[in-house]
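Here is a short note to read beside the model. Please keep the structure open and find each residue as you go.

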Amino acid sequence: MGWRLMRWALLLLFAVFFVVPLYAMLDFSTRQAGGGRTGEAWAALVQDPQLSSAIITSLLLAALTVLGMLLLLLPTMIWVRLRVPKATRFVEFLCLLPLAIPALVIVVGMRNVYTWVNYLISDSALTLTFVYIVLVLPYAYRAIDSALSGLDVKTLSEAARSLGAGWPTVIARIVVPNIWSGVLSAAFISVALVLGEFTIASLTNYENLQVVINLLGKSAARVSVAASLASLIFATVLLMALSYVGRGRRAQEGSLL
Amino acid sequence: MSRRSGLIPSLALLPFLAYLTLFLLIPTVTVIVGAFQEDDRFSTVNIEALSSPAALRTLRNSILLSGSTAVIGAVFGALLSYLVVTAPPTSLFRRVVVSMAGVLAQFGGVTLAFAFIATLGFSGVVTEMLRSTVGLDVFGSGWLFGLPGLILVYTYFQIPLMVIVFLPALEGLKPQWREAALSSGATTRQYWLHVGIPLLRPAFLGATLLLFANAFAAYATAAALVSQGNPILPLLIRAGLTSEVLLGRQNLAFALAFEMILVVAVVMTAYALLVRRTSRWLR
Amino acid sequence: MSTHRTGADSTGVEVVLDGLTRRFGDVVALDRFDLTIAPGEMVALLGPSGCGKTTALRILAGLDRADSGHVRVGGRDLTEVPANKRDMGMVFQAYSLFPHMTVADNVAFGLRMRGVGQKQRQARAAEMLDLVGLQTQGGRYAHQLSGGQQQRVALARALAIEPSVLLLDEPLSALDAKVRTQLREEIRRVQVEVGTTTVFVTHDQEEALAIADRVGVMSEGQLEQIAPPEELYTRPRTRFVAEFVGLTNRLPATPDGAAAEILGSQVPLLAGSATAGAGIALVRPESLSVAPSGDGNATVVTRSFLGSLCRVVCELDGGPEVVAQALIEEATDLHPGVRVRVTVSRSPVLVVAGD
């Protein structure tokens with residue numbers, strides 16, 4: 001049938017378009033002057049001090065962002081569902097707002113706030129956590145929200161309270177274990193986003209993974225390409241693991257409103 | 001419930017509100033206010049600078065880049081989504097495509113920039129292959145590092161973003177509609193014409209708008225690819241923040257950022273209005 | 001086309017499903033399935049999920065293809081004809097109304113596909129909405145209607161094209177109990193008025209028995225029995241039918257030729273019964289009488305009040321529990337623990353071989 005042939009042809013075209021650059025990264029990063037293959041550029045991932053410290057910075061930022069996001073979002077969202085349902089639309093709007101405000105705009109306008117942060121807390125790159133939490137908010141919100149929607153939080157909490165549980169117990173032992181897939185989902189997406197963040201880090205002169213990849217681009221292109229491919233692979237593995245966590249639930253990252 | 005307990009639960013939301021105010025709302029307001037200031041006094045000089053030929057040129061380029069990649073991304077992304085949705089639901093193909101789409105769409109422009117440098121750069125894999133086999137110099141004078149290059153690389157993340165956004169809409173097309181149309185006498189063409197396409201059109205248009213806003217606000221890819229000149233708005237903002245040539249005219253950067261918020265806000269509002277009314281159909 | 005037709009001058013056609021077999025991998029959904037439906041008749045296909053009733057309907061509609069067998073409608077062989085050319089109207093379980101079209105446009109859809117002009121379409125759509133009692137809802141959208149109303153629109157849409165066969169795939173399963181009862185009467189009323197040959201698939205025996213001309217009970221891809229509701233109920237031909245339709249008691253019985261001994265009485269046997277050996281009689285609750293008795297053969301376990309009747313559960317001495325039926329006046333002394341005598345009436349029963 002003509003359509004089947006067309007289908008395979010189209011799939012092939014898409015495969016070529018998307019796979020060729022990825023293959024090119026592999027090839028480019030393993031080139032040796034005078035032919036042959038070498039793993040030098042890849043070894044630099046752990047050996048080059050600037051790069052490895054940037055990797056560690058980014059990983060720490062990812063971990064801190066996930067923690068901060070959960071601390072901020074979980075109690076708020078559960079509280080809204082249990083006690084202030086009227087605020088649902090408002091909280092949803094606020095959480096989705098970062099989608100409409102570009103990171104570039106945020107970094108331009110956050111200088112004064114960050115002056116205080118740097119003065120009161122610290123000067124290190126890890127303070128980027130605060131603004132990163134805002135960046136991941138929309139995606140984390142939707143992941144946790146869809147998990148909460150699959151649970152009748154009100155009934156469960158009323159049952160728990162009638163059996164004598166206090167609010168902290170209800171949240172920690174009743175609700176969270178049941179939305180675990182949503183929490184994991186939010187965590188994975190946040191990690192992927194933080195590892196890929198460039199805009200804010202570069203314009204505030206901090207050195208995270210993407211900034212260093214870019215910096216090394218001029219002097220050590222092969223290392224940059226190796227690091228790029230490595231981070232893409234890492235993020236893919238993360239998101240593929242995510243698809244097994246969220247099995248049974250429809251992936252909702254798509255429809256944004 | 002007594003009135004007292006109606007207020008106190010709301011108070012528990014204060015930390016959340018405070019946090020967002022600090023790290024989202026204040027920066028935004030700073031930009032909007034700063035656009036209308038110069039030397040810490042009210043002034044429209046920076047707003048007026050937005051209509052200078054240079055500023056207008058970058059705006060036009062940004063719109064061109066965003067519009068073209070939005071349309072290309074929408075069409076090909078919808079096509080790829082259709083190919084995915086007609087594959088078996090739990091197949092590996094689908095998992096891989098959806099995960100990779102997630103990575104490529106949201107992960108990071110810098111890595112994509114380097115992917116294309118490795119492919120079509122001066123010593124890129126495809127460049128060298130074409131040079132040595134067909135004698136074709138595809139690198140030329142470095143078009144990859146200008147607007148045409150940006151269009152190509154942006155497409156690489158616009159198509160996956162379209163897949164992420166549009167796939168749920170395609171999945172929302174209930175098989176009962178197709179069967180009901182068929183048993184009412186419609187041919188497959190008539191089904192798409194009268195039922196399928198009208199139901200998908202708002203989601204498709206909305207997704208295109210989303211792609212536009214995404215490209216318009218994107219910074220990392222351009223920052224990594226383009227080192228000379230400021231062809232598009234985000235790069236002009238970078239120049240306003242970092243360049244000595246522009247004498248660190250920070251308020252000009254504010255005005256440019258304000259322009260960016262305006263465009264993105266308008267597009268996102270249109271998106272919201274379009275999708276809200278009709279998303280119910282495909283739930 | 002402008003007046004409702006009565007069943008008398010119906011234009012229904014005969015439907016024949018001949019030897020349909022359909023496999024899904026290792027599962028045999030239909031096994032040489034045969035069914036003949038007379039013009040204008042409403043046949044219900046009844047059975048548990050997985051019995052093949054929906055598969056049979058979809059093959060008839062053209063939405064699925066049988067591995068072997070034929071579909072003949074009005075004498076024409078439709079086996080190879082695609083779904084959109086079969087001239088059938090179908091009502092699905094749920095979600096089948098096009099959400100972006102008004103109710104009237106939904107109903108007129110089939111006519112539009114056939115190229116009928118706008119004025120004629122609108123008139124016909126209005127007529128069909130009138131038929132199902134939704135004259136005023138033409139301008140509304142599916143999400144603004146209740147489930148019952150949506151299904152009525154779906155019915156109007158299916159009938160608007162004057163199909164030769166009307167197909168209903170569990171149309172009431174997604175609705176509330178009360179709406180279900182009302183709507184099934186509606187469906188029957190409309191079907192009789194228009195006179196179309198109709199196939200109605202359901203897993204709810206009450207529905208099937210209440211409105212169909214004949215009910216076909218299916219199990220594992222085969223037709224166990226097809227008969228008018230009363231016959232199905234009082235003269236089941238197989239154990240499956242006897243146990244699936246209505247409540248059944250299983251009592252020890254000793255068949256001997258044309259009758260069997262059950263609880264001390266001789267009861268005539270239905271065709272298909274075992275004729276010798278230890279057997280189990282499948283007896284309806286209304287065939288059992290219960291009366292207080294000093295030297296009875298059972299003890300009352302519970303009594304439930306069901307409005308006009310009482311259901312009395314008794315435990316036979318050395319035997320199973322049985323459910324009997326009694327009028328309220330008869331059951332006043334039947335408290336738990338009371339000794340009673342349970343007797344079987346003389347209506348014929350089906351006896352199957354004992355396990």
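**Notes on chains A and C**

1. Start with chain A. Read along the sequence, the pattern of chain A is α-α-α-α-α-α-α-α-α-α-α-α-α. That amounts to 13 helices and zero strands. Keep in mind that this is a predicted model.

2. Next, the dimensions of chain A. Its C-alpha atoms fill a box of roughly 75 × 65 × 30 Å, taken along the principal axes. Chain A has 257 residues, and 44% of them count as buried.

3. Now the contacts within chain A. Take those between residues at least 6 apart in sequence. Of these contacts, 78% join residues at least 24 apart.

4. Turn to chain C. Which strands make up its open sheet of five strands? The order is β15-β19-β16-β17-β18, and the pairing is antiparallel. Trace that order on the model, strand by strand.

5. Look at the edges of this sheet. They are formed by β15 (288-292) and β18 (321-327) of chain C. Each has a single partner strand, so one side of each is left without a neighbour in the sheet. Neighbouring strands of the sheet are turned by 40 degrees against each other on average, direction ignored.

6. Zoom in on one pair from the sheet. In chain C, β16 (residues 298-305) and β19 (residues 339-344) run antiparallel. How many bridges join these strands? There are two. For a place to look, find Thr299(C), which stands opposite Arg339(C) in β19(C).

7. Now some backbone angles. Most residues other than glycine have a negative phi. Glu170(C) is not a glycine, yet its phi is positive, at about 45 degrees. Where is Glu170(C)? The residue is in the loop between β7 (165-169) and α5 (177-194) of chain C.

8. Is Glu170(C) buried or exposed? The cut-off for a buried residue is 20 or more other C-beta atoms within 10 Å. Glu170(C) counts as buried because it has 20 C-beta neighbours inside 10 Å.

9. Leu263(C) also deserves a look. This residue is not a glycine either, and its phi is positive, at about 50 degrees. Leu263(C) sits in the loop between β12 (259-262) and β13 (265-268) of chain C. Why does Leu263(C) count as buried? It is buried because 20 other C-beta atoms lie within 10 Å.

10. Glu170(C) has a positive phi, and so does Leu263(C). Glu170(C) counts as buried, and Leu263(C) is buried too. Find both on the model.

Technical notes:
Residues are numbered from 1 along each chain as its sequence is written. Chains are lettered from A and ligands numbered from 1 in the order in which they are written. This is a predicted model: local features need pLDDT of at least 70, side-chain atom pairs count only at pLDDT 80 or more; totals for chains, interfaces and linings use all residues. Helices (H or I, at least four residues) and strands (E, at least two) are DSSP runs, numbered from the N terminus. A residue is buried if 20 or more other C-beta atoms lie within 10 Å of its own, exposed if 12 or fewer, and partly exposed in between; C-beta atoms are placed from the backbone. Two residues are in contact if their C-beta atoms, placed from the backbone, lie within 7 Å. Two strands pair if DSSP finds at least two bridges between them. Axes are lines fitted to C-alpha atoms, for helices over the stretch in contact, and angles run from 0 to 180 degrees between N-to-C directions.
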